[in-house]
Amino acid sequence: MEAKEILKQHITKTASLTDEQFDYLFSHFKPRSYKKGQVVISEGEKVDQEYFVVSGCLKAFYINDEIKMYILQFAMPTWWTSDYGALYNHTKATINVDCITDAEVLCLSNDDREKVCSELHQVEHFFRWRTNRGYLASQKRLLSFMNNDTRARYEELLALYPQLYNLVPKHLIAAYLGVSRETLSRLYNSHKSSDRK
């Protein structure tokens, strides 16, 4: 399926747009291809766009002063990613985004998004809905970290996104869960043995 059709199906689940309106919206997106390991956003850079993932998988992450990586998000097809704090506040990036696999994305600049939202109510509705969903997902993940032990967080991730385990290296899943690679291996093996019973 072409990038345009993937984006159209994604948006029209939430917003009713005529073909002409969608074509106008789509004209503001720029396609871009990235290779595995390629950097999309680096900490300290200016951020002026967000990325809709057509294919592949990206990760948004932060590296602290002790050089420990914390993964904020895996962005799979039909997901959006950026450093939203930097994008909306016109500040420099505090997080990084790079490619776990080869990826195809559609880039939308902050100015173009605001322009189209001001012109088309349904587009503005879509972006507001999407922002609200992102906020709820972040809140749910934070509550999970506060209330659940490592095993519960692991099982929750497995239930929500089973495809991650075939797509993403285990050390990155460990970084997302905030555990060591060894702990993740124990959880993975324990889960496998319970599945066989």
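Start by selecting asparagine 96: leaving aside residues up to four places away in sequence, this residue touches Ile41, Ser42, Glu43, Lys59, Ala60 and Phe61, where contact means heavy atoms within 4.5 Å. What you have open is a predicted model, in which local features need pLDDT of at least 70, side-chain atom pairs count only at pLDDT 80 or more, and totals for chains, interfaces and linings use all residues. Residues are numbered from 1 along each chain as its sequence is written, and side-chain values use heavy atoms, with hydrogens and water left out.

**Stop 1: around asparagine 96**

Stay here a moment. Asparagine 96 lies in strand S7 (residues 96–99); helices (H or I, at least four residues) and strands (E, at least two) are DSSP runs, numbered from the N terminus. Is asparagine 96 buried or exposed? With a relative accessible area of 12%, asparagine 96 is buried; buried means under 20% relative accessible area, exposed over 50%, and partly exposed in between (1.4 Å probe, protein chains only).

**Stop 2**

Next, colour the strands S1, S8, S3 and S6. In that order they make an open sheet of four strands with antiparallel pairing. Strand S1 (30–34) and strand S6 (80–81) stand at the edges with a single partner strand each, so one side of each has no neighbour in the sheet. Two strands pair if DSSP finds at least two bridges between them. As background, strands of a sheet pair through backbone hydrogen bonds, either parallel or antiparallel.

- S1 and S8 pair in the antiparallel sense over five bridges; select proline 31 and you will find leucine 106 of S8 opposite.
- S3 and S8 are antiparallel too, with six bridges. Here glutamate 50 has leucine 108 in S8 as its bridge partner, and glutamine 49 has serine 109.
- Strand S3 (residues 49–55) and S6 run antiparallel and are joined by two bridges. Tyrosine 51 has threonine 81 of S6 as its bridge partner, while phenylalanine 52 stands opposite tryptophan 80.

How many of the seven residues of S8 are buried? Six are, so S8 is largely enclosed by the rest of the structure. S3 is mostly covered, with five of its seven residues buried.

**Stop 3**

Zoom in on serine 109, which sits in strand S8. Not counting residues up to four places away in sequence, serine 109 touches Asp48 and Gln49. A polar atom of its side chain lies 3.0 Å from the backbone nitrogen of aspartate 112.

Now show helix H4 (residues 110–119), which lies across S1, S3 and strand S8 (103–109) and runs at about 65° to S8. Axes are lines fitted to C-alpha atoms, for helices over the stretch in contact, and angles run from 0 to 180 degrees between N-to-C directions.

Follow the chain to helix H5 (residues 121–147). Its buried residues are Val123, Phe126, Phe127, Arg130, Arg141 and Ser144.

**Stop 4: the cysteines**

Select the cysteines. The whole structure holds zero disulfides, a disulfide being a pair of cysteine sulfur atoms within 2.5 Å. Cysteine 117 is in no disulfide either, and the nearest cysteine sulfur, that of cysteine 107, is 17 Å away. Cysteine 57 counts as buried at 0% relative accessibility, and cysteine 117 is buried with a relative accessible area of 13%.

**Stop 5: two loop residues**

Most residues other than glycine have a negative phi. Select threonine 78, in the loop between strand S5 (69–75) and S6: though not a glycine, threonine 78 has a positive phi of about 70°. Threonine 78 counts as partly exposed at 32% relative accessibility.

Finish at histidine 90, in the loop between helix H3 (84–89) and S7. Its phi is near 55°, a positive value in a residue other than glycine, and at 62% relative accessibility histidine 90 counts as exposed.

Notes:
The expected span of a helix is 1.5 Å times one less than its number of residues. A polar contact is a pair of N or O atoms within 3.5 Å; within protein, one must be able to donate a hydrogen and the other to accept it, and residues adjacent in sequence count only if both atoms are side-chain atoms.
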